[in-house]
Amino acid sequence: MVTQRGTRRIPGVRGAAAVVAGCVGLALFTACTSGGDGNAIPPAATGTLEELAEKAHCEPELQTDAQELRQANCTTDDGRYVLATFATDRGQREWINEANDYGGSYLVGRKWVAVSDAAVIAALRGRLGGTVETASPHHSGSGGSGGSGAKHSGHRGS
């Protein structure tokens, strides 16, 4: 019987090595392309209104302090925004659905939301994580200009 040293083949090793190499490659690709600009988006932050505000580098000006909703105005170098926390996921979704009528950009995390224009939300996302939702404004009832002067693309007029 002839025995060869060092050439014994272990079933599945080559396949396992390929899987590991593929996973490492995918992880590196994902890390390098996560934001397109080299800035990775952190996992969505969690915490109280004050803890979220601290992560966002804001001194919150509390506007609503109720059991189901806490809401504050924040101003940072990036701009102004509203930060709100919710007691329940359902309360958060109902709030967002109603707020969507006014348009704007929303940075959404677990039981919290930040509302501002798209540029401020993009900057906040780098600190708080979360997902971005955008809504088009739908005005109703008012005969005035609504104060912004911006027109919704679905409306014709002056």
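I started with Glu 94, which forms a salt bridge with Arg 90, their closest N and O atoms being 2.9 Å apart. I am working from a predicted model here. Both residues belong to helix α3 and sit 4 residues apart, about one turn of the helix. I looked up their accessibility too: Glu 94 is partly exposed at 40%, and Arg 90 is exposed at 63%.

Next I asked myself which residues of α3 are buried. They are Gln 92, Ile 96 and Ala 99. Viewed down the helix axis, these fall within an arc of 65 degrees, so they line one face of α3. On the face turned away from that buried side I found the exposed residues Arg 90 and Glu 98.

Asp 89 is partly exposed, at 37% relative accessible area.

My search of the whole structure gave 6 salt bridges. Asp 65 is exposed, at 56%.

Last, I checked for disulfides and found 1. It joins Cys 58 to Cys 74, with an S to S distance of 2.0 Å, and is left-handed at -75 degrees about the S-S bond. Cys 58 is in the loop between α2 and β1 and Cys 74 in strand β2, so the link ties together parts 16 residues apart in sequence. Cys 58 is buried at 7%, and Cys 74 is buried at 2%.

Technical notes:
Residues numbered from 1 in each chain as written. Predicted model: local features only at pLDDT ≥ 70, side-chain atom pairs only at ≥ 80, totals over all residues. Heavy atoms only, no water. Disulfide = S-S within 2.5 Å. Helix = DSSP H or I, 4+ residues; strand = E, 2+ residues; numbered from the N terminus. Buried < 20%, exposed > 50% of the residue type's maximum accessible area, 1.4 Å probe, protein only. Arc of directions from axis to C-beta. Salt bridge = Lys/Arg side-chain N within 4 Å of Asp/Glu carboxyl O.
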